[in-house]
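Me: Hi, I've got a structure open here and would like to talk it through. Could you help me find my way around?

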Amino acid sequence: MAYYRCPMCRKICPDHLDLARHYLGQTDKKHKDWLKTQGLSYAKLITDQITEFGNKGYQALADVLKKEAPEVKEI
Amino acid sequence: MMKEYSVIGKPTPNVDGPAKVTGEAAYTIDMTLPNMLYGKLLRSPYPHAKIISIDISKAEALPGVKAIITGKDTPGGRYGLWRRFRELSDQECLATTKVRYIGDPVAALAATTEEIAEKALDLIEVEYEPLPAVFDPIEAMKEDAPTVHDEFPSNINATRHIEWGDVDEAFAKADYVREDRYVLSPAHPTAMEVHNSLASFDKGTGRLTVWSSTQSPYFLQQGLADALKMREGDIRVIKPHVGGGYGGKNSTMPDSISAALLSMKTGRPVKVVFNRDEEFTATEHRTGQHMAIKIGLKKDGTIVALEIKALTNGGAFTALGATTLYLTGTFGTMPYKIPSYRYDGVRTYTNTVWGTSIRGFGAVPAKFITETQLDRAAHDLGIDPLDIRIKNAVEPGYEAPGQYTFESCAIKPCLEKMKERAKEKWPKLQKDEGIGYAAFAYMSGGIFNWIDTPYAYSSAHVKVNIDGTVDLYTQASDIGQGHNTVAAMICAEELGIGIKDIRLHLGDTAHTYTDLGAWGSRETLMNGNAIKDAAAQVKNKLIEIARLKLGENIAYDLVAKNHRVYLELRPERGLSYYDLVKDAIKANDGVPLTGVGHYTPHNKGMISPAYGMGVLAIKVKVDRETGHVDAKDVLVVHDCGQVINPLGARGQVEGSVHMGLGYGMCEEMPMDQGMVLNPEFVDYKILRTRDMPEIEIIDVPTYEPNGPFGAKEAAEATIAPTAPAFANAVYAAVGAEFYSNVLKPEKVLKAIREAEAKQKANSKAKK
């Protein structure tokens with residue numbers, strides 16, 4: 001089974017969508033600041049997630065994490 | 001078959017009832033100490049502003065003023081209930097650099113009389129620099145919104161996500177999909193006793209004693225330790241009788257902190273009592289929120305997917321708001337089988353007084369939207385509102401993935417009983433009358449540990465004296481819900497004695513082991529288990545001695561009942577409880593028999609070890625000309641496991657229905673630019689006794705394996721279905737739909753006119 005590690009902490013998740021859910025659940029500055037380096041806005045992602053049905057905010061971050069959070073070979 | 005008990009299940013008047021009705025019961029608000037001073041708080045008139053300067057010189061010069069403190073005089077500790085994530089401990093003793101809501105305390109003073117204290121407040125001069133403020137959660141999340149807490153850009157205080165199943169695929173396959181959006185108003189818990197505390201600091205020992213109207217002495221002890229940067233053990237919190245809490249007294253509030261700081265400064269006891277205006281404008285309330293809900297069903301009414309979005313107006317601080325946000329997502333699914341579910345919750349900081357976990361702990365908004373939408377869906381699909389609930393109701397053993405499991409569960413029998421009884425009770429409806437239904441389930445205490453306690457969730461200490469009397473020590477909180485009686489009944493039942501044999505020692509952190517307090521309907525199950533454990537330890541000692549004295553075969557079971565210990569199958573063979581106690585104490589080298597019991601849930605999911613549940617119906621009559629709705633009758637069919645005290649359980653259901661009906665009919669907190677517009681009972685409308693309908697309650701008994709003697713929640717559940725059942729009843733009567741609570745006549749009238757116009761348009765289209 002594949003796992004993917006959060007670029008900011010040691011959390012691993014089974015897929016990038018789940019990793020995006022973890023990521024946007026964090027309230028610390030470190031996680032939020034990294035989003036800016038990726039050209040993403042924390043507030044925009046959360047707003048998209050909460051104002052529209054579906055997983056729009058998580059999916060947008062998951063798409064970025066596909067590039068930035070490679071598969072973990074060893075846990 | 002339910003077991004026959006001697007004490008449990010018998011209608012029992014509250015053990016502290018006589019003291020309360022004769023006025024003898026002491027509440028913090030009644031207390032005075034020699035040499036006591038009166039404390040008052042100076043509060044911000046701005047929702048958001050920098051504090052430029054505070055000049056206390058004129059106030060200090062007023063005769064009778066003994067001490068004044070501002071933010072710079074405080075130890076600088078930050079506190080809050082979310083101790084597990086320190087960034088969410090976001091409150092400070094007094095505002096230091098800026099104020100965040102109208103009512104934020106900036107200074108506190110102590111004087112020899114209340115009048116002098118009030119007068120002195122007017123003499124403190126504060127220079128503010130007003131800052132742009134934000135009041136609405138949608139506005140708060142915008143990039144250019146003013147920031148309430150610098151550490152939280154975009155004012156996003158907490159987010160919560162729950163998801164299981166393939167939600168999008170399930171919606172795609174559903175025969176019927178419906179989306180609705182709601183706006184729900186904030187409401188106040190309106191406890192009769194306002195927040196108040198009395199603090200006494202001993203300069204010699206460096207120890208602090210605080211008497212407070214609190215729901216949790218332990219939470220207050222922790223909050224004070226954080227705020228004042230003291231050791232918890234140097235703070236003793238005593239909870240006298242409490243005149244109501246309803247969730248509004250879980251947090252450490254400025255009354256206790258300022259009383260403590262002023263006592264530390266003066267070396268004299270200081271009492272701080274909020275007035276009713278402060279209570280409404282500067283204490284915690286039920287959060288207002290924007291919600292969206294999407295449901296997918298098969299033609300036969302089977303729910304296949306559900307999605308909920310909740311955006312809450314958190315106000316200036318976190319308190320228990322982040323937990324409430326999560327629980328809204330959890331309770332949104334109960335008591336139904338939901339194969340695919342997605343929940344997103346976002347709590348925003350705004351420049352308003354903060355919202356938290358008021359009675360129903362997140363279930364109230366969740367149930368309002370889910371139960372009203374389910375009714376609309378049933379109508380569209382041509383299914384009876386009770387049948388659609390029966391079809392989707394959970395069964396014993398149901399597990400919501402990663403969330404919760406129902407062990408005892410009689411929701412289907414409750415719904416079926418409702419169907420039968422409603423037919424009997426309301427055989428025929430008159431014009432513009434309607435019946436609305438809503439089903440519910442609610443936790444028996446929370447498993448989540450945001451307070452980060454290293455202690456057991458509940459503990460109790462039982463001591464049996466030589467004459468057979470029992471001292472029961474517990475920190476569990478009776479805040480008017482009747483837990484003292486329940487505690488005594490559980491202890492008495494386990495020991496096989498009467499409640500008159502038991503003396504309670506309550507709510508003092510110096511003399512009782514920890515209990516997390518009264519919230520989330522936790523005391524009966526959690527403290528009940530701890531008491532039962534403690535009492536069982538003593539009982540087992542008595543049984544051991546009885547077995548030796550009787551010389552019976554070890555295979556024979558002995559029971560303790562009616563002040564005797566005897567063979568279960570041969571009751572005539574037994575010994576007196578009193579004689580056994582004497583023998584046991586002698587055998588124990590003269591030391592009274594003791595037991596220390598505790599309870600912490602393990603392996604019971606994320607939410608709660610057990611769930612109360614049921615269905616509620618309301619019959620209404622609507623006046624089409626005025627929009628006035630008369631709530632005529634309420635019928636509750638309830639599974640709360642083994643009922644410990646039927647009188648207490650009835651009182652809890654009635655109280656919850658009262659509060660729920662208020663949420664549906666009249667209770668709201670309109671705000672303008674962060675200012676609460678109705679901060680008094682003249683304008684904040686609550687239902688009076690004479691406004692209340694008759695309430696019939698039917699218990700469907702079950703045995704909950706995780707509860708003491710099979711008991712579970714009975715206190716809060718019925719608040720959540722009341723408002724949606726009321727809205728559903730109006731819909732059933734006149735076809736008016738509501739996407740907000742508080743169905744005032746003008747709102748009902750408007751909805752009736754809209755329904756009539758819709759009906760006309762439909763008939764025209766058909767023609």
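Predicted model: local features only at pLDDT ≥ 70, side-chain atom pairs only at ≥ 80, totals over all residues.

Me: Nice. Which strand is β3(B) joined to, and by how many bridges?

Reply: β3(B) is joined to β7 of chain B, residues 105-111, by five bridges, and the two run antiparallel. Within that pairing, B:Ile68 has B:Leu109 as its bridge partner.

Me: And which strands make up the open sheet in chain B?

Reply: That sheet has three strands in the order β6-β2-β8, with antiparallel pairing. β6 (98-99) and β8 (125-130) of chain B are the edge strands, each pairing on one side only.

Me: How many bridges hold β2 and β8 of chain B together?

Reply: Six bridges join β2 (residues 49-55) to β8(B).

Me: Zooming out, how is chain B divided into domains?

Reply: Into three of them. Domain 1 covers 17-24 + 457-599, domain 2 covers 31-131 + 192-244 + 249-282, and domain 3 covers 285-448 + 605-766.

Me: How far apart are the centres of domains 1 and 3 of chain B?

Reply: The C-alpha centres of domain 1 and domain 3 of chain B lie 38 Å apart. Their contact takes 17 residues from domain 1 of chain B and 24 from domain 3 of chain B.

Me: Which helices supply the domain 1 side of that contact?

Reply: α13 (483-495) and α14 (523-550) of chain B each supply at least two residues of the side of domain 1 that touches domain 3. The largest share of that side, six residues, comes from α14(B).

Me: What sort of residues are on that side?

Reply: The side of domain 1 of chain B that touches domain 3 divides into six nonpolar, eight polar and three charged residues.

Me: OK, switching to chain A. What's in it?

Reply: Chain A has four helices and three strands. Along the sequence they follow the pattern β-β-α-α-α-α-β.

Me: How compact is chain A?

Reply: Its radius of gyration is 12 Å, close to the 11 Å that the globule rule gives for 75 residues, so chain A is as compact as a globular protein of that length. The C-alpha atoms fill a box of roughly 35 × 25 × 20 Å along the principal axes. Of the 75 residues in chain A, 29% count as buried.

Me: Where is the confidence in chain A lowest, and where is it highest?

Reply: Strand β3 of chain A (residues 71-72) is lowest with a mean of 86, while helix α4 of chain A (residues 56-68) is highest at 95. The chain A average is a pLDDT of 91, and 99% of the residues score at least 70.

Me: Last one: how many residues of chain A are in contact with chain B, and which helices supply them?

Reply: 16 residues of chain A are in contact with 21 residues of chain B. On the chain A side, α1 (16-24), α2 (29-37) and α3 (42-51) each supply at least two residues. α3(A) gives the most, with six residues. By type, the chain A side divides into six nonpolar, six polar and four charged residues.

Terms used
Residues numbered from 1 in each chain as written. Chains lettered and ligands numbered in written order. Domains from an automatic or database assignment. Contact = placed C-beta atoms within 7 Å. Nonpolar A, V, L, I, M, F, W, Y, C, P; charged D, E, K, R; others polar. Pairing = 2+ DSSP bridges. Rg over C-alpha atoms; globule rule 2.2 N^0.38 Å. Buried ≥ 20, exposed ≤ 12 C-beta atoms within 10 Å, placed from the backbone. pLDDT = per-residue confidence, 0-100.
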